[in-house]
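Welcome, and thank you for taking a look at this protein with us. Please keep the sequence and the 3D view open side by side as you read.

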Amino acid sequence: MPTESGSCSTARQAKQKRKSHSLSIRRTNSSEQERTGLPRDMLEGQDSKLPSSVRSTLLELFGQIEREFENLYIENLELRREIETLNDRLAAEGQAIDGAELSKGQLKTKASHSTSQLSQKLKTTYKASTSKIVSSFKTTTSRAVCQLVKEYIGHRDGIWDVSVARTQPVVLGTASADHTALLWSIETGRSLAKYTGHVGSVNSIKFHPSEQLALTASGDQTAHVWRYAVQLPTPQPAADTSLCGEDEVECSDKDEPDADVDASSDCPTIRAPLTSLKSHQGVVIAADWLVGGKQAVTASWDRTANLYDVETSELVHSLTGHDQELTHCCTHPTQRLVVTSSRDTTFRLWDFRDPSIHSVNVFQGHTDTVTSAVFTVGDNVVSGSDDRTVKVWDLKNMRSPIATIRTDSAINRINVCVGQKIIALPHDNRQVRLFDMSGVRLARLPRSSRQGHRRMVCGSAWSEDHPVCNLFTCGFDRQAIGWNINIPALLQEK
């Protein structure tokens with residue numbers, strides 16, 4: 001009987017303690033609401049130069065932040081109470097196990113372990129909640145400065161590469177696994193010409209710096225130079241598909257563009273190249289024009305890069321040294337420099353400025369395939385890798401990068417907005433993110449069930465002078481997308 005009476009008394013005291021603690025939480029919560037509500041009322045009553053829509057959005061976001069931190073505060077109190085209860089229980093068990101007391105050190109170790117587990121739970125909850133707040137805010141910001149303008153649909157297989165012409169008329173080019181390359185009207189989204197000269201996947205496309213010529217690389221072990229002549233159609237007013245209030249969702253294959261709808265069937269077809277560059281013993285994965293447009297460089301899975309004279313199709317140099325397949329090549333816009341990327345985790349800089357000396361420098365720093373490396377203004381190179389990092393390098397210091405961007409997914413063919421120094425990162429996980437050269441994240445392109453890529457994003461290309469679309473992306477969902485990036489607003493938010 002005394003034992004039962006003691007148990008009832010203990011249970012009654014514990015119940016009263018929990019009730020008192022619950023009332024304390026409610027009183028604390030109420031007082032916090034009174035304190036945070038006052039500034040909000042004052043804010044709503046103040047005159048502001050901000051548009052009403054922006055103010056309402058800010059107030060809503062601050063309200064979400066307030067509610068999240070209230071929930072975190074309550075969870076924190078509950079977790080602290082559990083820690084205290086656990087410590088009390090461990091202390092009681094330490095006096096009752098086998099009639100012998102645990103040593104002070106053993107008890108402290110056991111309590112510390114349990115406390116550490118609860119502390120980790122608290123940290124995880126906090127990170128998840130704050131991440132949700134930040135993600136919500138950044139998504140709203142991205143939608144305001146990054147708007148989808150046009151979708152280019154007509155390929156029957158994934159699109160590996162996208163490029164923008166550097167001469168008038170300014171057209172968009174796409175290279176696809178369906179063995180074709182297409183030229184598009186940027187404004188209308190109509191296909192203007194189709195190149196069908198390859199018998200393998202078309203892996204890259206680059207436009208000549210001053211003529212209406214295109215350079216394509218293919219899985220048929222060749223690169224082709226072909227001429228195009230297109231007339232731009234009259235642009236029609238585009239529907240605004242840029243804003244979408246939906247959260248990101250998983251999309252099935254049925255949401256992809258219909259492969260049976262061939263938008264390129266009624267456009268002119270170019271069936272033969274002006275020049276075919278042959279000498280590789282494997283897939284030609286990429287090709288680019290050297291400055292001036294008289295020579296071209298190709299990168300192949302046979303572990304070599306080749307430099308050709310375009311007019312004669314003759315092989316000028318074979319660049320060897322990579323230990324595994326090449327993945328990309330890029331040329332400097334104003335100097336005779338070439339950079340090649342490889343699955344051997346390195347990229348190499350080839351210098352042809354001195355005709356008598358062809359030097360090469362090896363850049364090491366990635367831990368997986370280097371998917372691309374591109375030049376920027378000055379002496380910088382930006383490299384992307386399957387190791388989920390992007391690194392910015394100074395050509396004068398090859399030992400270590402000057403900036404490193406860490407992401408959550410493998411990175412494909414990156415592109416740099418030279419004038420504004422903004423890097424576009426297409427990812428395996430269907431996202432496209434924008435960073436500056438110092439590694440600061442600027443935005444993420446919107447993606448939902450109604451817009452954005454539905455499969456791996458393979459490539460990107462900037463067009464700094466186009467008034468409508470200044471960024472293009474392509475993916476394995478068989479479509480290319482034109483985006484309008486409000487760069488001044490993007491940099492101002494930075």
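## The hairpin of β16 and β17

In the hairpin of β16 and β17, 3 residues lie between the strands, and T345 takes a positive phi near 75°. Strand β16 covers residues 337-342, and it pairs with β17 in the antiparallel sense over 5 bridges. Within this pairing, V339 has L349 of β17 as its bridge partner. Two strands count as paired if DSSP finds at least two bridges between them. Helices (H or I, at least four residues) and strands (E, at least two) are DSSP runs, numbered from the N terminus.

A word on the source: this is a predicted model, in which local features need pLDDT of at least 70 and side-chain atom pairs count only at pLDDT 80 or more, while totals for chains, interfaces and linings use all residues. Residues are numbered from 1 along each chain as its sequence is written, and side-chain values use heavy atoms, with hydrogens and water left out.

## Strand β17 and its other partner

Strand β17 spans residues 346-354 and is mostly covered, with 7 of its 9 residues buried. Here buried means under 20% relative accessible area, exposed means over 50%, and partly exposed lies in between (1.4 Å probe, protein chains only). β17 is also joined to strand β18 (residues 357-364) by 7 bridges, and the two run antiparallel. L349, the bridge partner of V339, has N361 as its bridge partner in β18. The hairpin of β17 and β18 has 2 residues between the strands.

How many residues of strand β12 are buried? In this strand, residues 295-300, the count is 6 of 6. In a regular strand the side chains alternate between the two faces of the sheet. Both faces of β12 are covered: Q295, V297 and A299 are buried on one side, and A296, T298 and S300 are buried on the other.

Strand β11 (residues 284-289) runs antiparallel to β12, joined by 5 bridges, and W289 has A296 of β12 as its bridge partner. The hairpin of β11 and β12 has 5 residues between the strands, where G292 takes a positive phi near 100°. β12 also pairs with strand β13 (residues 305-309), again in the antiparallel sense and over 5 bridges. V297 stands opposite L307 in β13. In the hairpin of β12 and β13, 4 residues separate the strands, and R303 in the turn has a positive phi of about 75°.

## An open sheet of four strands

Another group of 4 strands forms an open sheet in the order β1-β29-β28-β27, with antiparallel pairing. β1 (146-153) and β27 (457-462) stand at the edges with a single partner strand each, so one side of each is left without a neighbour in the sheet. From one strand to the next, the twist averages 25°; axes are lines fitted to C-alpha atoms, for helices over the stretch in contact, and angles run from 0 to 180 degrees between N-to-C directions.

The partner of β27 is strand β28 (residues 471-475), paired in the antiparallel sense over 5 bridges. V457 has G475 of β28 as its bridge partner.

## Salt bridges

Side chains of opposite charge can pair when their charged atoms come close. The structure holds 8 salt bridges, each a side-chain nitrogen of Lys or Arg within 4 Å of a carboxyl oxygen of Asp or Glu. One of them joins R81 and E78, with the closest N and O atoms 3.0 Å apart. Both residues lie in helix α2 (residues 52-96), 3 residues apart, about one turn of the helix. R81 is partly exposed, with a relative accessible area of 26%, and E78 is partly exposed at 26% too.

Another salt bridge links D161 with K206, where the closest N and O atoms are 3.4 Å apart. This pair links distant parts of the chain, with D161 in strand β2 (residues 159-164) and K206 in strand β6 (residues 202-207), 45 residues apart. D161 counts as buried at 4% relative accessibility. D351 and R353 form a further salt bridge, with 2.7 Å between the closest N and O atoms. D351 is buried at 14%, whereas R353 is partly exposed at 48%. Salt bridges that share partners join D161, K206 and R413 into one network.
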